[in-house]
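Please look at the sequence and the 3D structure below before reading on.

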Amino acid sequence: MIDFRYDLVNDIVIANVQWTLCTREDVLAWHQEWRHGLKQYTLERKPDVIIVLDDFHVRDEALSLWGEYRADLTNKYMGINYRVRGDTAVRVTIITSGVRFNASTAEANSVEEAVECIKAIRRRAQLSQRRVMASLGLGLG
């Protein structure tokens, strides 16, 4: 089960994942629930997401496939994304699939820290955009 909550103030989806993946079928069901759950937040752009992993586990035979499907989700359906409190197997697979599939591997120690990290990335992107516009002689307002 994935509990999706929208933080309106920060414009971030916070997903609490409660699932143990053991088989290919588990991974496919998990992937489908993510895709379905994120649709409601995907209007003009991919949503920024914080994924809370306190109650999420992946067992041996599902790890490699899960890494591939995890990368697909982060690359195709999420903007900035951070993971919070994954167990060792999950964290190692996130790093491995991040390298294999060029997917985000960002982690934070808490939801609050992840929110601050996302806000900082957004500020840097906004500053970069302003610098580009200024170098082109275009004002933003």
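Which residue caps the N-terminal end of α3? Aspartate 87 does so, with a side-chain oxygen that lies 3.3 Å from the backbone nitrogen of alanine 89; a polar contact is a pair of N or O atoms within 3.5 Å, where, within protein, one must be able to donate a hydrogen and the other to accept it, and where residues adjacent in sequence count only if both atoms are side-chain atoms.

This is a predicted model, in which local features need pLDDT of at least 70 and side-chain atom pairs count only at pLDDT 80 or more, while totals for chains, interfaces and linings use all residues. Residues are numbered from 1 along each chain as its sequence is written, and side-chain values use heavy atoms, with hydrogens and water left out.

**Helix α3**

- Helices (H or I, at least four residues) and strands (E, at least two) are DSSP runs, numbered from the N terminus.
- Helix α3 has 14 residues (88-101), which at 1.5 Å a residue should span 20 Å, and its end C-alpha atoms are 20 Å apart, which agrees; the expected span is 1.5 Å times one less than the number of residues.
- The buried residues of α3 are Val90, Thr93, Ile94, Ser97 and Gly98, where buried means under 20% relative accessible area, exposed over 50% and partly exposed in between, with a 1.4 Å probe and protein chains only.
- On the face of α3 turned away from its buried side are the exposed residues Thr88, Val99 and Arg100.
- After α3 comes asparagine 102, whose phi is positive, near 50°.

**Aromatic rings**

- Rings of Phe, Tyr and Trp (its six-membered ring) pair if their centres lie within 6.5 Å, and planes under 30 degrees apart count as stacked, over 60 as edge-to-face and the rest as tilted; by this rule there are six aromatic pairs.
- The rings of tryptophan 30 and tryptophan 66 have centres 6.0 Å apart and planes at 65°, so this pair is edge-to-face.
- Because tryptophan 30 lies in helix α1 (residues 24-39) and tryptophan 66 in helix α2, their pair ties together parts that are 36 residues apart in sequence.
- Both tryptophan 30 and tryptophan 66 are buried.
- The rings of phenylalanine 56 and tryptophan 66 have centres 5.4 Å apart and planes at 50°, so this pair is tilted.
- Ring pairs link Phe4, Trp30, Trp34, Phe56 and Trp66 into a cluster.
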